[in-house]
Amino acid sequence: MRKCISFYPGPSKVHEKVPRYVLDAYQKGILSINHRSPEFEELFQKTTQLLKKKLQIPEEFNIYFTSSATECWEIIAQSLTEIQSFHLYNGAFGEKWHNYTKKLGVTTSHYQFEAQQILEVNNLNVPDEAKIICLTQNETSNGTQLSNEIIHQLRENYPEKLLAVDATSSLGGIKLNIASADIWFASVQKCLGLPAGMALLICSPQALEKAQSLGENNHYNSLLFIAENAEKYQTPYTPNVMNIYLLMRTLEKRPKITNIDREIKRRYKQWVDYFNGLDRFKMFIPNDLVRSRTVITVEADPTTIGDTKERTKSAGFILGNGYGLLKNTTFRIANFPAIKRTEIRKLQDFLMRD
Ligand SMILES: *Cc1c(COP(=O)(O)O)cnc(C)c1O
């Protein structure tokens, strides 16, 4: 298989040092360490400390390792949901979260809004019985986002409720105000530039108190059981040790999130200007306020979309397909930190030739 430059928004291009770190992990015996050993506990502790430092996660928050963002949806439904959950979404991932929650037998309510619409936080009708609000910060399927300001406003409007945020395709790419919500999660194969198969679940002290008051502890991945293990820097089951190690190594070299945020937003603006300058394409989301900074969704007629995907593919670029119903009229481009400026330039030069 020929090596391509991937612009797919997940699984996405991995950090260029990954092969070297995998080799290190093998040579240092990390790949075979026991997850109850002091070596593992040290790796766990160091990685969570680095995450707090590099992603500006407040000290009092706890970070847990899970296997996927999908698992986090279930953990939230089973361990943090009292009577009802309320789901806010405008796209496929938010909707899936809602559906998975219903399948676990939780009562849910929801508000579905248009991708093009700015969410009006002050006009929401959240039922009293819903003690947790679930939202998708970056909706990977259509390339929209809920800004830090909107999440902050939700916090102000609902100080008594838990706020749970799916930040799978933005955590590590843009600066998120972690303190303004209780639960954040993301899998590592997007902005963190690592191989798939692991996710981070980040919980406020209030979230843990809620888990304690609910007392749900029936599952291998019950939050209480995960938290109890994490106190000893351990996990309930054998975790993805290699990915934890890769995360630690990449974090050591990672610039501060404020710097990454600045670079990602600069690239985002440049992508928008670029596509605005090409007649045959337009941004799928016209409104800059709701547009994702990390997933660029581009619209065109189906023939142009088909041709572009084919031509780029044979030239060694992988673009993200449009998601679900948007498959024939859009493609997506990851604006993730592991992608290099020179790679972006190559793709842009190529798309220009036509
Ligand atoms: C990719 C993605 C998921 C699913 O991640 P998994 O690791 O496959 O569970 C969930 N939510 C969003 C917003 C995503 O982009």
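Let's start with S147. S147 sits in the loop between β7 (144-145) and α5 (148-157). At 17% relative accessibility, S147 counts as buried. Buried means under 20% relative accessible area, exposed means over 50%, and partly exposed is in between, with a 1.4 Å probe and protein chains only. S147 and S292 are 145 residues apart along the chain, and their C-alpha atoms are separated by 9.0 Å.

Some ground rules. This is a predicted model, where local features need pLDDT of at least 70, side-chain atom pairs count only at pLDDT 80 or more, and totals for chains, interfaces and linings use all residues. Residues are numbered from 1 along each chain as its sequence is written, and side-chain values use heavy atoms, with hydrogens and water left out.

Next, T235. Where is T235 placed? In the loop between α7 and α8. Is T235 buried or exposed? At 4% relative accessibility, T235 counts as buried. Leaving aside residues up to four places away in sequence, T235 touches H35, R36, F40, F44 and N229. Contact means heavy atoms within 4.5 Å. Now compare N276: T235 and N276 are 41 residues apart in sequence, and 48 Å apart in space, C-alpha to C-alpha.

Helix α2 covers residues 38-55, which is 18 residues. From its first C-alpha to its last, α2 reaches 25 Å, close to the 26 Å expected at 1.5 Å a residue. That expected span is 1.5 Å times one less than the number of residues. Which residues of α2 are buried? They are F40, L43, F44, T47, T48, L50, L51, K52, K54 and L55. A helix reminder: an α-helix has 3.6 residues a turn, so residues three or four places apart point the same way. What covers the buried residues of α2? The cover includes β2 (62-66), β10 (199-203), α7 (223-231), α8 (241-253) and α9 (257-276).

Now the backbone. Just after α2, Q56 takes a positive phi of about 50°. Q56 is not a glycine. Q56 lies in the loop between α2 and β2, and is partly exposed at 33% relative accessible area. Y233 is another case: a positive phi of about 55°, and again not a glycine. Y233 is in the loop between α7 and α8. Y233 is partly exposed, with a relative accessible area of 30%. Then there is a cis peptide bond, joining G10 and P11, with omega about -10°. P11 lies in the loop between β1 (5-6) and α1 (18-27). For background: most residues other than glycine have a negative phi, and most peptide bonds are trans.

On to the rings. How many aromatic pairs does a search of the whole structure find? It finds 16. Rings of Phe, Tyr and Trp (its six-membered ring) pair if their centres lie within 6.5 Å; planes under 30 degrees apart count as stacked, over 60 as edge-to-face, and the rest as tilted. Take W73 and Y100. Their ring centres are 5.3 Å apart and their planes are at 80°, so this pair is edge-to-face. W73 is in helix α3 (residues 69-79) and Y100 in helix α4 (residues 92-103), so to speak two distant parts of the chain, 27 residues apart. W73 counts as buried at 3% relative accessibility. Y100 counts as partly exposed at 28%.

A second pair is W97 and F185. This pair is edge-to-face too, 5.2 Å centre to centre, with 80° between the planes. W97 lies in helix α4 and F185 in strand β9 (residues 183-187), so the pair ties together parts that are 88 residues apart in sequence. W97 is buried, at 1% relative accessible area. F185 also counts as buried, at 1%. There is a cluster as well: ring pairs link W271, Y274, F275, F281 and F331.

Terms used
Helix = DSSP H or I, 4+ residues; strand = E, 2+ residues; numbered from the N terminus.
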